[in-house]
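Hello,

Here is the structure I promised to pass on to you. Please have a look at it first, and then read my notes below.

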Amino acid sequence: MRRIINGPVGFLALACLILFTLVTPSASATACAGIAVAADMPKAQNGQAIHNASELSAALKAAQGGETFILTGGNYGRLKIRTDFKKPVTIRSGSPGTPACFTEMRLDGAGNIAFEGLIFDYIYAPGDKHFTHRFTIQNSRNITISNSVFDGGQNGPAGHGRGINIRDSANVTIENSVFRLWWKALTGDSVTNLTIRGNTFYNIRSDGIGLGVIDGLLIEANHMHNFRRLAGSNDHADMIQIQRSSNRRSTNIEIRDNILDMGAGDYTQTIWMGGDGKDLSDPMLRHQNVLIENNVIYNAQAHGISVHGVDNLSIRKNSVIRVRRPTETGGVTIPRISAAWSTSVVIEQNVTSDILGYENQRDWVVLNNVIVQDEIPSANGFYDREFIYYATGPTNGYNEYGVRPGSTIDRLDAGSTLVKNYPTHQ
């Protein structure tokens, strides 16, 4: 049976070095078998037809830039590219129903390449470490991956391996793609201008997106849901995590229009930019220019939006909604907004259980937020008076809480505009 996976979805130039390696795949009963991409993939462009790995290798060696290679379906094995093309080169599947598939991809010193409608498939083998990574972009620029599937491995009940790792690169876009069954889905370090847009992440064991040392980051219109942690592991699951890796900050970050839903899966931290045990008095460790706007969060962990040590921070029109854990209660299960140790802060028109960090600082603006709760029916902000429950995780596998007309949320026009689209399933 075919697995059809639908999505929503420092630079080193080596201009003179051309090195392509495609290794013809060995026979396998599982790798690249029975996976299709989203049916709304753009129609095929005119280009050179490619039928197998050896043809693709020869075509890439001869490419000057500007070519489009249209791949017939099948397993193309491992792809390695170390060329910075003068003009964009496109590698795409000819049909979303029978896509081309790679079991490994290494871009190192590559540039001006677009991948469309492909499968990147990792199959767990006994002995593989949980952080095994087969798909990497490093020392590269102007790379786009769209309308594709990153299909992870499975060791027991949980995902295994890294989906894609991006390092020391610039102008990278990952869009309208699906990540499923990974330990960590998308990770990166030392990247300039990274766009993660319109993707779906689910059945992730640890982090959906885990990044550090990023200048120019857009995380927009993604859907993260139904993460599955591994009991007994040391994993610390976050849907979106920005760390101070390499003892450096990140700058110019926008996280907007995402739906981050625990669904029927396990709870996680949702948006986490914590102190990481660093000295936040050091300017080079303080994130700068962060906007978190118009996201919907359904989760059961206190760190709904936790953004610490930021200069110039705006948290606007987010809906941070508690859904309950099956067996646990208490404050640690209630998501909230926290912006401690930050300067030049605006927190406005959010829906949340609490806002931490504000102590009448003169450079903070906190207004028109709606504080909600689901524990005391007679108290202000009780969920039943604020929301309409179109779908709940235990019953439907996903959550959709609309705004009740006449509620405080409605009167203040607070929270994400995305909830106005509910119900999406009828």
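This is a predicted model: local features need pLDDT of at least 70, side-chain atom pairs count only at pLDDT 80 or more; totals for chains, interfaces and linings use all residues.

**Overall shape**

Along the principal axes, the C-alpha atoms fill a box of roughly 70 × 50 × 40 Å. The protein chain has 40 strands and four helices.

Of the 426 residues, 55% are buried. The protein chain exposes about 17,300 Å², and carbon and sulfur atoms supply 48% of that area. There are 39 positive and 39 negative charges, and their mean positions are 4 Å apart.

**A strand covered on both faces**

Have a look at strand β32, residues 319-322. In a regular strand, side chains alternate between the two faces of the sheet. In β32, S319 and I321 are on one side and V320 and R322 on the other, and all of them are buried. Strand β29 (residues 296-299) runs parallel to β32 and is joined to it by four bridges. Within this pairing, V296 stands opposite S319.

**The disulfide**

The structure holds one disulfide. It is formed by C32 and C101, with their sulfur atoms 2.0 Å apart. The link is left-handed, with -70 degrees about the S-S bond. C32 lies in the loop between β2 and β3 while C101 is in strand β9, so the pair ties together parts that are 69 residues apart in sequence. Both cysteines are buried: C32 has a relative accessible area of 18%, and C101 has 1%.

Best wishes

Methods:
Residues are numbered from 1 along each chain as its sequence is written. Side-chain values use heavy atoms; hydrogens and water are left out. Helices (H or I, at least four residues) and strands (E, at least two) are DSSP runs, numbered from the N terminus. Buried means under 20% relative accessible area, exposed over 50%, partly exposed in between (1.4 Å probe, protein chains only). Accessible areas come from the Shrake-Rupley method with a 1.4 Å probe; for residues, only the protein chains shown count as cover. Lys and Arg count as positive and Asp and Glu as negative; His and the chain ends are not counted. The place of a charge is taken as NZ of Lys, CZ of Arg, CG of Asp or CD of Glu. Two strands pair if DSSP finds at least two bridges between them. A disulfide is a pair of cysteine sulfur atoms within 2.5 Å.
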